Amino acid sequence: MWRHFGGALRYPLLAVRYRLLVQNFFRRELVGRFRGSFLGVFWVLLHPIFLFSIYFFVFGYVFRAKLSAGIVETAGPSPDFAVYMLSGLLVINSFMEATSRSCTTIHENGNLVKKVAFPCELLPVHLVGVSTVVFLVGVTVLLALGIPTGTIVPDAQLAFWPLVLAVQVVLSLGVGLTLACVYVFMRDAAQVWSMFGQALLFLSPTFWRLAPDGLAAPEPWATVLRANPLYALMQAHRHSLGVTRFALDGTLLGHLAVAAAWAFAALLFGYGLFMSRREKFADMV
C-alpha cells in the first residue's frame, strides 16, 4: 500500500486531466438527485433547514442546552446557540453525505470499473463535489441568518475559509476512497459507517464545546474528543466564518493545522489502500 502514497500527491492533477469526465458525473449526480421531484433543487435548501429546526427544538428547548453562562434557561436558546449548532450540522452532514455515497460508488459503477482504461479512483470526486455544493448553499443560509443578527461577525480570518473548505474536501476524499475500497470486499461497511456517523454527530462539537463555561469533560475524555478529526475542522470553520461569540477554544491556524494533518493522512491512506486493491475490483463487482 505504501508504494502508492506518492500517487496521492498527483491525485489533483489526475482529476484535472479527466475534468470533463468528472464534470459529467457531477452533472448526472446533481440533476439525477432531484429529477422527478416537485421542488427540485430547492430540496438542497429545505433539507438542512428542516434538520436544523428539529435539532434546535430538541437541544435548545427540550434539553435547554447552555453554551454560555449568560444564557437564562427560562428565556430559551439564544441566536448564538442556533448559529453555533447550524455551523456544526452543515459540516458533519456534508462529510457524512460525501463519504456515505462514496462507500458504494465502485459497486454501483461496476460496468465502468471493469474497463481497463477507466480511472476508477476518480469516482468519489464528483460525489464530494456535490456534497460541497450543498454545503455552500447551507453556509449561504448560515451567513444570511448570522450576519443580520450579529451572531456572525466576519473579519480578516474569513480569507482562510476557502483553505478550510479545501481541507474538508481532502478529508472527505480520503475517507471516501477508503470506504469505497472496503465496501467492495465487505458489504457491511455501509451499515457500519452509517452507525458510526450517528456516533460522530454527538462526538463532534455540534451541540457542545469544550470551554470553561461549556462542556467540562474530564480527562482523558476531553483529549479523546479533541482527537476527533471533525473537532478541529468544525472549529476552524467557525473561527474563519466569524462564529466566535462563544469564545471558541484554540486559534484558527491551530485548528486548521490539525485538520489539514488529518486530511493529508486520510488521503494518503485512502489512496494507497484503494490503488493497492484496485486490480481485484473487477472480479468482486
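The protein chain exposes about 14,200 Å², of which carbon and sulfur atoms supply 69%; accessible areas were computed by the Shrake-Rupley method with a 1.4 Å probe, and for residues only the protein chains shown count as cover. The model is predicted, so that local features need pLDDT of at least 70 and side-chain atom pairs count only at pLDDT 80 or more, whereas totals for chains, interfaces and linings use all residues. Residues are numbered from 1 along each chain as its sequence is written, and side-chain values use heavy atoms, with hydrogens and water left out.

The protein chain contains 14 helices and 0 strands, these being DSSP runs numbered from the N terminus (helices, H or I, at least four residues; strands, E, at least two). From the N terminus on, the order of elements is α-α-α-α-α-α-α-α-α-α-α-α-α-α. Of the contacts (heavy atoms within 4.5 Å) between residues at least 6 apart in sequence, 79% join residues at least 24 apart.

A search of the whole structure for disulfides (pairs of cysteine sulfur atoms within 2.5 Å) finds 0. The cysteine sulfur closest to that of Cys120 belongs to Cys181 and lies 9.7 Å away, which is too far for a bond. Cys181 is accordingly in no disulfide, its nearest cysteine sulfur being that of Cys120.
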